[in-house]
Amino acid sequence: EEFGDVLARYKQRNPDVSGAESLEFENAKNIYFAEKYDAAVRALSTYLSENPNSANAPEARYYLADSYAKAGDAPAALRTYDELLRSNSPYTARAAS
């Protein structure tokens, strides 16, 4: 059983708990760095849909775009990079390269 599944059940049972957002983000990043790009797309997409205004959202969006690219989904990667470029975040320069 993956940590993400356990975390999702925990969040479902404890919706007001603090700290779950950072755990979810770190888990998604770990999946990305493990080069499991299809799983990273799912984890990062879920994270962004649940935390669209998080301080970690620009970084998550960068990893999501790169995961799409590395998983071979160029249209989704381009859409996500474009969103990131328009957001004027610290990850804009990385997305442009």
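Reader: I'd like to start with one residue. Is tyrosine 62 buried or exposed here?

Author: Tyrosine 62 is buried, since its relative accessible area is 11% and anything under 20% gets that label. Keep in mind that this is a predicted model. Tyrosine 63 is buried too, at 6%.

Reader: Those are aromatic residues. How do I read a pair of rings?

Author: A pair of aromatic rings is described by two things, the distance of the centres and the angle of the planes. This structure holds seven aromatic pairs. One of them joins tyrosine 32 and phenylalanine 33, with 5.1 Å from centre to centre and 75° between the planes.

Reader: What do we call the arrangement of tyrosine 32 and phenylalanine 33?

Author: Edge-to-face, because the angle between the planes is over 60 degrees.

Reader: Which residues form one aromatic cluster?

Author: The cluster is made of Tyr32, Phe33, Tyr37, Tyr62, Tyr63 and Tyr81.

Reader: On to charges, then. How many salt bridges does the structure hold?

Author: Five. To read one, find the two partners, check the distance, then see where each sits. Take lysine 29 and glutamate 26: their closest N and O atoms are 3.5 Å apart.

Reader: Where do lysine 29 and glutamate 26 sit in the chain?

Author: Both are in helix α2, residues 20-33, and because they are three residues apart, about one helical turn separates them. Lysine 29 is buried, with a relative accessible area of 15%, while glutamate 26 is partly exposed at 38%. These two also belong to a network of salt bridges that links Glu26, Lys29 and Glu59.

Reader: How far apart are the closest N and O atoms of arginine 86 and aspartate 82?

Author: They are 2.5 Å apart, and the two residues form a salt bridge. Both residues lie in helix α5, four residues apart, which is about one turn of the helix. Arginine 86 counts as exposed, at 62%, and aspartate 82 as partly exposed, at 34%.

Reader: Which residue forms a salt bridge with glutamate 83?

Author: Arginine 61, and the closest N and O atoms are 3.4 Å apart. This pair links distant parts of the chain: glutamate 83 is in helix α5 (residues 74-86), arginine 61 is in helix α4 (residues 57-71), and they are 22 residues apart. Glutamate 83 is partly exposed, at 41%.

Reader: So how do I describe two helices like that?

Author: Two packed helices are described by the angle between their axes and the distance between the axes. For α4 and α5, the axes come within 8 Å and cross at roughly 160°. That makes α4 roughly antiparallel to α5, because the angle is over 145 degrees. The crossing of α4 and α5 is left-handed.

Reader: Which residues of α4 and α5 make the contact?

Author: On the α4 side, look for Pro58, Arg61, Tyr62, Leu64, Ala65, Asp66, Tyr68 and Ala69. On the α5 side, they are Ala76, Ala77, Thr80, Tyr81, Glu83 and Leu84.

Key. Residues numbered from 1 in each chain as written. Predicted model: local features only at pLDDT ≥ 70, side-chain atom pairs only at ≥ 80, totals over all residues. Heavy atoms only, no water. Salt bridge = Lys/Arg side-chain N within 4 Å of Asp/Glu carboxyl O. Helix = DSSP H or I, 4+ residues; strand = E, 2+ residues; numbered from the N terminus. Buried < 20%, exposed > 50% of the residue type's maximum accessible area, 1.4 Å probe, protein only. Phe/Tyr/Trp six-rings, centres within 6.5 Å; stacked < 30°, edge-to-face > 60°. Axes fitted to C-alpha atoms, helices over the stretch in contact; angles between N-to-C directions. Parallel < 35°, antiparallel > 145°, perpendicular 65-115°, else oblique. Left-handed = near helix turned anticlockwise from the far one by under 90°. Contact = heavy atoms within 4.5 Å.
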